[in-house]
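Subject: Two-chain model for you to look at

Hello,

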Amino acid sequence: MGAPAGGEKKLLEISSGEAEHVYYWHCGYYMSQFLLGLRDRKTILGIKCPRCGRVYVPPREVCGRCFVTMDEWVDLGTEGYIYAFTVVKLPYIDPNTGKPIKVPRTDIYVKLDGADTCLMHWLDETDEKKIAVGARVKAVFKKRRRGTIHDIEYFKQI
Amino acid sequence: MARRTAIVGVGQTYHTSKRKDVNGQELINEAVKRALEDANLTLKDIDAIIIGNMDHFEAINYVDCWSVDGSGAFMKPIMKVTTGGSTGGTLGACAYYHVASGFFDVVMAIGWEKNSESDTQAAISTCADPILERDFFGGAIGPNAAEYAMYMKEYGATQEDAARVAVRDHNNALNNPYAHLRKFITVEDVMNSPMLCWPIKLLDSCPRSDGACAVIYASEDRAPKITPKPAWVHATAVSHDYVYFGDFDWEAMPTLEATATRVYKRAGITNPLKEIDVMELYLPFSTCGVIWMEHMWVCSRGESPSLIRRGVFDMKGELPVNPSGGVLSTNPIGATALIRIGEAALQVMGKAGDRQVSNVKTAMATAFGSCYWFEATILRATKP
């Protein structure tokens with residue numbers, strides 16, 4: 001028998017439609033304190049492991065290496081240096097909005113003074129010829145802050 | 001005590017950007033049929049199946065159940081494994097553990113992806129923490145691009161050094177009928193291709209492919225009865241690190257170094273450049289092919305560009321890398337790392353056709369996933 005639906009062999013494509021799915025994530029105590037630090041104190045908080053001494057930012061409950069609970073908070077301030085960066089030029093789809101991101105956009109890994117891990121954020125400069133690995137940077141905060149990572153608007157080279 | 005285990009059959013689809021003619025189950029079935037044919041086995045001979053992909057990419061999360069008709073897992077023990085880009089490496093390790101444990105004699109690992117059914121960059125971005133990192137994560141490309149920016153500053157390497165890796169892998173694919181991208185390119189082509197995330201350009205980057213791969217593992221008793229030249233598993237190693245990208249230590253690359261150290265130790269290798277005959281490496285970007293050679297102890301820090309320039313890793317070089325064309329030529333993500341294992345096995349078994357490296361006794365395959373998860377497998381023509 002030929003194609004059972006009649007006529008030649010056709011290949012269809014079905015879409016999932018336009019529906020959105022909203023998620024609600026619970027931050028937990030540590031992430032909440034970090035975000036409240038941005039909102040209320042305009043400062044970046046880290047946490048120190050009592051066993052290995054590593055200072056983590058963002059702060060978290062458990063030091064993965066030592067598997068111990070941490071509770072020694074460290075105020076890391078707002079300055080550090082660019083550990084690594086990239087300038088995104090490809091306007092891929094942002095999963096949060098379903099729309100293409102605005103490019104060019106500079107994503108940076110900031111090693112804040114006193115921290116052993118990096119914070120990810122944006123740099124206000126998008127010309128890679130004007131950005132250097134190792135450059136000193138400072139966080140610029142928004143006037144109206146809501147307790148999210150975007151209470152820091154971006155970092156700038158100083 | 002682990003039983004000796006060997007790879008006895010490999011099957012894969014002809015990878016391409018869009019397989020509009022098949023759904024996921026049918027794609028899987030193609031690879032499974034080819035692997036069984038390669039090993040001259042039937043489904044009755046398979047005792048268990050391990051399957052994996054990036055399950056949210058096709059928005060089907062119960063893949064082990066959904067694909068049962070295509071995978072041959074009907075009423076058989078099946079387990080789903082999914083570890084991001086490194087999925088294929090974990091699939092292979094898992095199949096190996098199943099046989100080595102003594103519970104199963106013949107096990108098939110299946111990796112697959114229909115990248116064309118979704119938006120790869122958006123889907124990959126969901127591996128980054130939604131509250132703290134997702135918005136700053138430049139898709140799959142961002143972290144590796146930032147890694148190379150650091151390396152260039154530290155060692156004076158250039159974008160051209162990475163472009164040479166891109167040229168090698170792309171042009172090797174011309175010998176591989178299964179590869180997705182098969183077009184001759186030059187360093188100039190790479191340098192002129194559009195910038196994606198500085199400094200990584202289009203031709204430095206892996207494509208998105210639809211494809212599947214199946215690899216059959218068998219116990220010491222069964223393997224020689226199935227094929228005259230099995231590829232014996234001498235070692236596997238798996239190493240996973242933190243979930244926050246900001247935790248990476250790009251200077252030390254702890255997960256890659258730990259995985260390489262462990263796998264070499266388990267296989268008795270002290271000088272990988274001399275003792276390994278061919279490598280199928282999971283290099284999602286050409287830049288990785290520069291930096292990671294050093295953290296795999298093939299050469300010392302900062303030395304990689306000069307080895308690349310001398311052709312050490314070319315088909316006629318001392319240590320051919322990616323005769324299949326690698327990830328830069330073919331990337332159905334859930335299958336990609338399993339294809340590395342399958343291609344390394346074909347090299348040991350002498351079945352790699354036009355891409356065969358001569359006299360392969362020891363082959364290595366690696367797997368990589370976004371959170372800098374690394375896996376490695378060492379295969380040899382002789383029993384461990």
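Before the details, one definition: two strands count as paired if DSSP finds at least two bridges between them. Please also keep in mind that this is a predicted model.

**The strand β11 of chain B**

With that definition in hand, strand β10 (residues 362-369) of chain B and β11(B) pair in the antiparallel sense, over eight bridges. One of the facing pairs there is B:A365 with B:T377 of β11(B). The two strands form a hairpin with three residues between them, and in it B:Y372 takes a positive phi near 55 degrees.

On its other pairing, β11(B) is joined to β8(B) by seven bridges, and these two strands also run antiparallel. B:T377 turns up again here, standing opposite B:T236.

How many residues of β11(B) are buried? Eight of the eight are, so the strand is largely enclosed by the rest of the structure. In a regular strand the side chains alternate between the two faces of the sheet. For β11(B), both faces are covered: B:W373, B:E375, B:T377 and B:L379 are buried on one side, and B:F374, B:A376, B:I378 and B:R380 are buried on the other. You will notice that B:E375 and B:R380 are among these buried residues.

**The sheet it belongs to**

Nine strands of chain B make up an open sheet with mixed pairing, in the order β3-β2-β4-β7-β1-β8-β11-β10-β9. The edges are β3 (78-80) and β9 (278-280) of chain B; each has a single partner strand, so one side of each is left without a neighbour in the sheet. On average, neighbouring strands are turned by 25 degrees against each other, direction ignored. Helix α10 (residues 254-267) of chain B packs on this sheet, where it touches β8 (231-239) and β11 (373-380) of chain B, and its direction makes about 150 degrees with that of β8(B).

Elsewhere in the sheet, strand β1 (residues 5-12) of chain B runs antiparallel to strand β7 (residues 210-219) of chain B, and seven bridges join them. B:I7 stands opposite B:Y217 of β7(B) in this pairing.

In soluble globular proteins, nonpolar side chains tend to be buried together. The largest nonpolar core here has 167 residues, and those touching the most other members are B:A109, B:I110, B:A214, B:V215, B:I216 and B:A345. Helix α15 (residues 333-349) of chain B gives the most to this core, with 11 residues. As for B:I216, its contacts beyond four places in sequence are B:I7, B:V8, B:G9, B:A35, B:A39, B:L41, B:V106 and B:M108.

Helix α4 (residues 87-100) of chain B packs against α15(B) at an angle of about 55 degrees, with the axes 5 Å apart. That angle makes α4(B) oblique to α15(B). From α4(B), the contact involves B:T87, B:G88, B:G89, B:L91 and B:G92, while α15(B) contributes residues including B:G334, B:A335 and B:L338. By class, this contact has six nonpolar, six polar and one charged residues.

**Where the chains meet**

Between the chains, 29 residues of chain A are in contact with 32 residues of chain B. On the side of chain A that touches chain B, the elements giving two or more residues are β6 (79-88), β7 (105-112) and β8 (119-123) of chain A. Of these, β6(A) gives the most, with five residues. That side of chain A divides into 20 nonpolar, five polar and four charged residues.

Strand pairing also crosses from one chain to the other: two bridges join β6(A) to strand β5 (residues 195-198) of chain B, and the two run antiparallel. A:V87 has B:W198 as its bridge partner, and A:V88 stands opposite B:C197. B:C197 also stands opposite B:I200 in β6(B), and β5(B) and β6(B) form a hairpin with one residue between them.

**A sheet in chain A**

Lastly, chain A has an open antiparallel sheet of three strands, in the order β2-β1-β5. Its edges are β2 (55-56) and β5 (72-75) of chain A, each with a single partner strand, so one side of each has no neighbour in the sheet. Strand β1 (residues 45-48) of chain A pairs with β2(A) over two bridges, and A:K48 has A:V55 as its bridge partner there.

Best wishes

Terms used
Residues are numbered from 1 along each chain as its sequence is written. Chains are lettered from A and ligands numbered from 1 in the order in which they are written. This is a predicted model: local features need pLDDT of at least 70, side-chain atom pairs count only at pLDDT 80 or more; totals for chains, interfaces and linings use all residues. A nonpolar core is a set of buried Ala, Val, Leu, Ile, Met, Phe, Trp, Tyr and Cys residues joined through C-beta atoms within 7 Å. A residue is buried if 20 or more other C-beta atoms lie within 10 Å of its own, exposed if 12 or fewer, and partly exposed in between; C-beta atoms are placed from the backbone. Helices (H or I, at least four residues) and strands (E, at least two) are DSSP runs, numbered from the N terminus. Two residues are in contact if their C-beta atoms, placed from the backbone, lie within 7 Å. Ala, Val, Leu, Ile, Met, Phe, Trp, Tyr, Cys and Pro count as nonpolar, Asp, Glu, Lys and Arg as charged, and the others, Gly among them, as polar. Axes are lines fitted to C-alpha atoms, for helices over the stretch in contact, and angles run from 0 to 180 degrees between N-to-C directions. Angles under 35 degrees count as roughly parallel, over 145 as roughly antiparallel, 65 to 115 as roughly perpendicular and the rest as oblique.
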